[in-house]
Amino acid sequence: MTDCYESLADNFRKLDMHHVKTVALLLICVCTVYHGAIHAYYGRDSCGWLLSSGHYQGNQVWQPYGCMLHVYSKVDAKQCLKRGVIDNSHSWVVFVGDSRIRQLFTSLVSHIDNKYEEENIELLIYGKNNSSAMHPAKETRRSALTKPHADLLYDNKDLRTTLEFKWVPVLNDSFTEICKHLKKDRNNVPDLVIAGSGTWSIKSSNGSLQALEEYKSNLTHATEVLDSLALYGTKVLWMLQDPVSPSLLAPNRMMITNEQIDLYNYAALKAFYRSRVRVWASSRLILQGSESWFDGLHIGNGPLRNDLQVLLNFHCNDYMRFKDGTCCSSAESLKPMQLFSLSLFLVCFLLCGAKAACAWSRPRSLGNSLEQPDLIAKERQHGILVKTTGVLAAISRLGVIVAYLILCDRTTYFMKENKYFSALNFWLPIGYVLALGFFFSDQSKDTKFLHRDQTDEWKGWMQLVILVYHMTGASSVVPIYVNMRTLVSSYLFLTGYGHFYYVWQTGDMGFVRFMQVLFRMNFFVAVLCLCMNRPYQHYYYAPLVSFWFVVIYILLALPPRVTAANSIGKPFKYLYVVLKFVALVAGINVLFMSVVFFEHIFTMPFWRWLFVTTDGSIQEWWFRWSLDRYSVVFGMVFALTTIVLDRHALLENYLSQRRLEIIGGCIGIFGLVSQLIFSFLCPSKEQCNEIHSYSAFVPVISFILLRNSFGMLRRYYSRFYAWFGSISLELYAAQYHIWLAADKNGVLVLIPGYPVANVVLTTFIFVCISHEVHDITRIITRFFVPDDTKLIFRNLLILCVVAGSIYLYGFNVSQFISFNKLDLPPKSHATQVIS
């Protein structure tokens, strides 16, 4: 009766999860239709979103609507303008307008050239010549760019870049003549023109309606000229007039009111509505959100910096191809191998549909065939048919998931936004995770030291915390970063502990289990590499655990093999295991101390593509490997220690004595508090990383001691965390494309304008898909890696042929080309891998 009840409960849980996944599929369809309606009504141009709308996140962090804003450093801005050096052309940007446009021009110059310091440039904002107390050298530099009411020129021969400012405060015939001159030679036109004016017309006419009518008339002529300039390939940007602060305005500017500015802006919007000229309206929102002015008319440094970033994103993103800058950036084109992989999924989907159609049309044909004399052969044929159909169905479901991944992260169909860190954004979801974990607590059937339910629970809550860490962009906070590194080390510790403990107790070092585990670890990641056009190291956790699993297998499989069965009464055999550990540590130290030897080993042609990134560099693998190089060894040593203690009844003695449990708990608390204090005292990521490899075991062992100090703590565990722990690998790999966005650099937006609802929806879909991938992987593993060693070798041979064909075709690391069109210098080691 009990078995029947448990079977019914299991079936109910499966049915319930099936319904949940169905709801997730319906929500995906609804979101797809919703975004299709948005694109049909508003268009799919993210440049329009960048220039028209946005909001502030927290402390003056500007977030455009629906796309990601890359923050251009001085180096990035120079590289953007430097493209003329690469393609033998000349970058030419022209600013036309009044002092507000001049303010943007001088901000760009000071951003790319350190000689023009911000305090010197600011003098231009007020139109004053307060240089009497200035150092002569600074005065000389300032005077080159701070001539009030005059044209300005910045020419950088090294960058092959020319920035011009044309002083045209009033929209009149002079403006039209300047624009006509810019398109005089259609083979030599500016790359970008930024124009705008209005406040001078209001001031000089004292806000008269006649001046407004003249402005509208002049806008009509200007639209024709600017539109023809855009036909020659120039990006033309008309900047709407920002609001003013009446309380800060000088008496001679009091006639410049926000009502007048709105009338002039409305006229510009109407004039440029159907032209090729881009209207920049988001600058008004940037200023209104910060309310920062120098003198009531000219904006302050904060909104000016945000305006400059919007301008650089508009001009540079499409060819700079920064992963965290999707505004004004076209979608990544699908490569031949991606198309080939998707074609295979489509073929499986069609075959599965054909089989389903045949089964539906002839439901009793198989049953009748089983009545034939050769019943056993027919039953075997029926089993093979069912198994093949199940695998085709699993691959078809995986193909649908991959199509959704590509739609989310390789197209501009769904919106993406930048990550934003704040203490509330980070700790609030952590609090929710803790509350849910405690709510779904249950009593475990196993009460031994560090049992399976505990390790699954441990993996689960760590994975959830790491997901929150990635979602909120908390890597910039050193204490949080240090503790997240400890969680990653804990995963590798559990890898060493779990595999060593299993092999020791079962003695199973067979090739079948080795291939099954390796296949489960890498199947989904391999599919992502092929279909998302990313290298294996992009999903760095799978390479790490796979590498260390291979090391563990080789270490334990090499003779002499020592297990629980053959070590009874033979304590000297423990010495063999210890010597293996010593040899492993020595090999790790040799690789770590000799970077040249390390690179030589891991860049061998046969497996080089497993360890290098898109630019052919092995620095990412070096960083990840070296940071946790001892964590797996710590796990295996700890497993051996617990085995020895348990065999001599010392572990049971510890768990049965209240006094020893209290001591162990106090040691655990002391170790965790010490780790927390260290994370706050550590001055930088680099210095923390230097000692992390040697100190990572302290918080790990401390947590184990605290978690197993009391019988009640051992008996109870969180089913919520354990459930997530069982799909932790799928969660980690899938987050890159369907929860986060742009390869983990941003956040996927399915419900724009409602961040909390969006996080809830994307998280629900993300978890359902990860669980489905886990089920699919289990089905496919049983088919491709069966229990028969001969069949495994057959499948492995087929896999090698396919992989070899792919390699010869050219799908190796060199095909993972960088999408930068510029010959950019490689980033530093720290900026590449520390996040």
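Strands, like helices, are DSSP runs numbered from the N terminus (strands are E, at least two residues; helices are H or I, at least four). β4 covers residues 152-156, and β5 covers residues 161-167. The two run antiparallel and are joined by 5 bridges. Two strands count as paired if DSSP finds at least two bridges between them. β4 and β5 form a hairpin, with 4 residues between them. In the turn, R160 has a positive phi of about 50 degrees. In a regular strand, side chains alternate between the two faces of the sheet. In β4, L152, Y154 and N156 make up the covered face. L153 and D155 make up the uncovered one.

This is a predicted model, in which local features need pLDDT of at least 70 and side-chain atom pairs count only at pLDDT 80 or more, while totals for chains, interfaces and linings use all residues. Residues are numbered from 1 along each chain as its sequence is written, and side-chain values use heavy atoms, with hydrogens and water left out.

The chain has 35 helices and 13 strands. Of its 835 residues, 51% count as buried. Buried means under 20% relative accessible area, exposed means over 50%, and partly exposed lies in between (1.4 Å probe, protein chains only). Among contacts between residues at least 6 apart in sequence, 79% join residues at least 24 apart. A contact means heavy atoms within 4.5 Å.

β12 pairs with β13 (residues 746-749) over 2 bridges. Here A741 stands opposite G746 in β13. A742 also lies 9.0 Å from M68, C-alpha to C-alpha, although the two are 674 residues apart in sequence. M68 is found in the loop between β2 (61-64) and α3 (74-81). M68 is buried, because its relative accessible area is 0%.

Nonpolar side chains in soluble globular proteins tend to be buried together. A nonpolar core is a set of buried Ala, Val, Leu, Ile, Met, Phe, Trp, Tyr and Cys residues joined through side-chain atoms within 4.5 Å. The largest such core has 137 residues. Those with the most contacts inside it include F500, W504, W548, W621 and W625. Helix α19 (residues 478-506) gives the largest share of this core, 15 residues. A second, separate core of 45 residues includes L287, W293, I299 and F322. Beyond four places away in sequence, the residues touched by W504 include V562, Y574, L640 and R647.

Two packed helices are described by the angle between their axes and the distance between the axes. Axes are lines fitted to C-alpha atoms, for helices over the stretch in contact, and angles run from 0 to 180 degrees between N-to-C directions. α19 packs against α29 (residues 697-707) at about 70 degrees, with axes 9 Å apart. The two are therefore roughly perpendicular. Angles of 65 to 115 degrees count as such, under 35 as roughly parallel, over 145 as roughly antiparallel, and the rest as oblique. T486, S490 and F493 of α19 make the contact with P699, V700, I701 and I704 of α29.

Helices α21 (residues 541-557) and α24 (residues 619-627) pack at about 60 degrees, with axes 11 Å apart. α21 and α24 are therefore oblique to each other. P543, L544, F547 and W548 in α21 meet W621, R624 and W625 in α24.
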